[in-house]
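Work through the exercises below with the structure open. Each task is followed by a stepwise solution.

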Amino acid sequence: MDQPGVSFEDEYGLHIDGRFTPPSDGEYQPTRDPATGEPIASVAVGTVEDVDRAVSVAREAAAEWRDVPPDERGRLVHRVGELVDDNAEELAAIESADQGKPLSQARSDVAGARRYFEYYAGAADKLEGRSVPVGPDQVDFTVREPYGVSAQVTPWNFPGNLFARGVAPALVAGNAVVVKPAPQTALSTLRLAALCAEAGLPDGVVNVVTGFGDPTGEALVSHENVDTITFTGSVETGQHIMKRAAETITPVTLELGGKNPAIVFPDADLDAVADHITTGIFTNAGQVCSAVDRLLVHESIHDELLDRIVRIAEGYEIGPGWNDPDLGPLVSEEHLERVHEYIDVGREAGATLVTGGASLDRPGYFIEPTVFTDVTPEMRIAREEIFGPVLSVFRFTDEREAIALANGVEYGLAAGVFTSEITRAHRMSRDLEAGTVYVNAWFGETNQTPFGGYKRSGIGREKGLEALDSYLQTKNIAIGLEDEADSLPGA
């Protein structure tokens with residue numbers, strides 16, 4: 001089914017060794033438009049044999065790709081970014097139709113994907129080692145080398161953007177990649193893989209095997225010829241991947257869930273705060289791991305700020321992504337049911353539903369922006385990641401209570417502080433247990449800034465130069481210096 005701005009093939013195969021190919025057993029599954037529930041196209045379901053073939057091809061390609069001069073690797077990766085820019089409208093339309101997000105948000109995601117390729121391309125010839133001073137009898141230095149085959153398991157909320165976030169640094173470091181996208185949203189990943197081939201990347205350097213977690217993802221993360229694994233998704237799946245990776249002693253980078261707090265003090269600009277908070281929780285229908293899940297408001301401004309937020313939420317236009325509304329649908333019927341379960345749990349626990357909470361009476365997986373107040377720390381909606389447009393609001397009396405509330409969950413991905421007092425901003429940033437702290441803003445990071453979690457929110461860092469550490473190993477080389485003069489005849 002075609003959507004405005006893009007047309008789709010009936011079937012999409014796997015992308016292995018620089019070309020599309022059917023799955024080994026001929027099985028395909030539909031991918032659906034979340035705004036209608038209707039199928040868009042059919043996507044291949046990869047088998048264990050398909051994964052093995054992709055990894056084998058990637059291993060052969062990696063052996064040659066690592067020896068390509070760094071400036072040439074950078075040039076080819078930069079060319080991918082140029083092609084992303086050339087095809088930006090098509091990519092945004094694909095993402096909006098397949099994932100459901102508003103078109104303007106999809107355009108922003110595509111621009112971010114382009115920027116990843118451009119940013120990391122510039123690092124290709126700067127991956128330097130160092131000289132280690134160990135004394136006059138030895139020269140010692142380090143070199144940074146690629147792992148080989150990087151397995152990338154990407155989620156459904158930002159499929160194209162997160163493809164670029166992991167693939168670009170892996171390629172620049174000299175690795176080949178095998179990507180397993182989420183089955184709900186594989187189309188933009190497949191299009192990006194084709195652009196990588198069009199850019200001139202050698203066959204086999206970028207491979208995509210679509211399918212389900214079992215058997216496709218399971219076969220990939222447990223493959224003995226995979227050298228490093230990058231995963232973004234749930235804590236439970238991350239734990240499972242760590243267990244499988246332990247069997248082959250394969251290093252992992254994990255960006256997992258969040259239950260992110262925003263703390264608002266009375267001296268903050270409440271109109272600006274309301275804009276930041278609604279953007280932080282309702283962007284992509286709340287399907288963002290760094291979304292504002294918990295709003296902690298000083299008791300003296302609780303009602304005033306809540307009124308502003310509710311007014312914005314109730315004015316949102318809700319509709320299909322291609323109409324570029326304020327809020328699009330959730331990704332699937334299954335996820336819609338999950339979010340509704342949490343709303344019911346919040347009501348039953350005694351939280352006050354201030355606005356929203358209902359599905360729209362139309363086709364597709366739409367739900368109103370939802371705000372709860374009178375939330376207490378022991379409630380499930382206060383502790384578990386909902387991954388939808390559901391905001392929980394708490395009251396606090398002082399900094400100590402705010403920090404205890406903010407840090408009192410198992411996650412530590414992002415947090416925010418809204419205050420005009422600079423010393424308070426520094427104190428709170430220091431004490432918050434989170435990999436990213438926003439001050440007087442939300443979603444303040446860029447491609448250059450490292451991103452990852454504390455506690456159960458993950459291991460390692462994506463983005464920034466720190467991401468390259470996930471794709472490079474350090475080798476130390478020690479060379480003894482023999483005194484040749486002492487060994488010469490007559491010496």
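**Exercise 1.** Decide whether I241 is buried or exposed in this predicted model, and list what I241 touches.

*Solution.* 
Step 1. Take the relative accessibility of I241, which is 4%.
Step 2. Compare with the cut-off: buried means under 20% relative accessible area. I241 therefore counts as buried.
Step 3. Leave out residues up to four places away in sequence; I241 then touches V221, I229, F231 and V252.
Step 4. T230 is eleven residues from I241 in sequence, and their C-alpha atoms are 9.7 Å apart.

**Exercise 2.** Classify the packing of helix 2 against helix 6 by angle and handedness, then list the residues that meet.

*Solution.* 
Step 1. Find the elements: helix 2 spans residues 70–86 and helix 6 spans residues 187–198.
Step 2. Read the geometry. The two axes come within 9 Å and cross at roughly 125°.
Step 3. Apply the angle classes: 65 to 115 degrees is roughly perpendicular, and over 145 is roughly antiparallel. Helix 2 and helix 6 are therefore oblique to each other.
Step 4. Assign the hand: helix 2 passes helix 6 in a right-handed crossing.
Step 5. List the contact. Helix 2 supplies V80, L83 and V84, while helix 6 supplies L192, L195, C196 and E198. By class, that gives six nonpolar residues, no polar ones and one charged.

**Exercise 3.** Repeat the analysis for helix 9 and helix 10.

*Solution.* 
Step 1. Helix 9 covers residues 270–282, and helix 10 covers residues 302–314.
Step 2. Their axes come within 9 Å and cross at roughly 50°. The pair is therefore oblique.
Step 3. The crossing is right-handed.
Step 4. On helix 9, the contact uses L270, D271, V273, A274, D275, I277, T278 and F282. On helix 10, it uses E304, L305, R308, I309, I312 and A313.
Step 5. By class, this contact holds nine nonpolar, one polar and four charged residues.

**Exercise 4.** Which residues of the largest nonpolar core touch the most other members?

*Solution.* 
Step 1. The largest nonpolar core has 71 residues.
Step 2. I263, V264, I277, L295 and L391 touch the most other members.
Step 3. Helix 9 gives the most to this core, with six residues.
Step 4. Follow L295. Beyond four places in sequence, L295 touches A262, V264, I277, L305, I309, L391, S392, V393 and F394.
Step 5. Note a second, separate core of 57 residues, including V68, Y120, A173 and C196.

Terms used. Residues numbered from 1 in each chain as written. Predicted model: local features only at pLDDT ≥ 70, side-chain atom pairs only at ≥ 80, totals over all residues. Heavy atoms only, no water. Axes fitted to C-alpha atoms, helices over the stretch in contact; angles between N-to-C directions. Helix = DSSP H or I, 4+ residues; strand = E, 2+ residues; numbered from the N terminus. Parallel < 35°, antiparallel > 145°, perpendicular 65-115°, else oblique. Left-handed = near helix turned anticlockwise from the far one by under 90°. Contact = heavy atoms within 4.5 Å. Nonpolar A, V, L, I, M, F, W, Y, C, P; charged D, E, K, R; others polar. Core = buried A, V, L, I, M, F, W, Y, C linked by side-chain atoms within 4.5 Å. Buried < 20%, exposed > 50% of the residue type's maximum accessible area, 1.4 Å probe, protein only.
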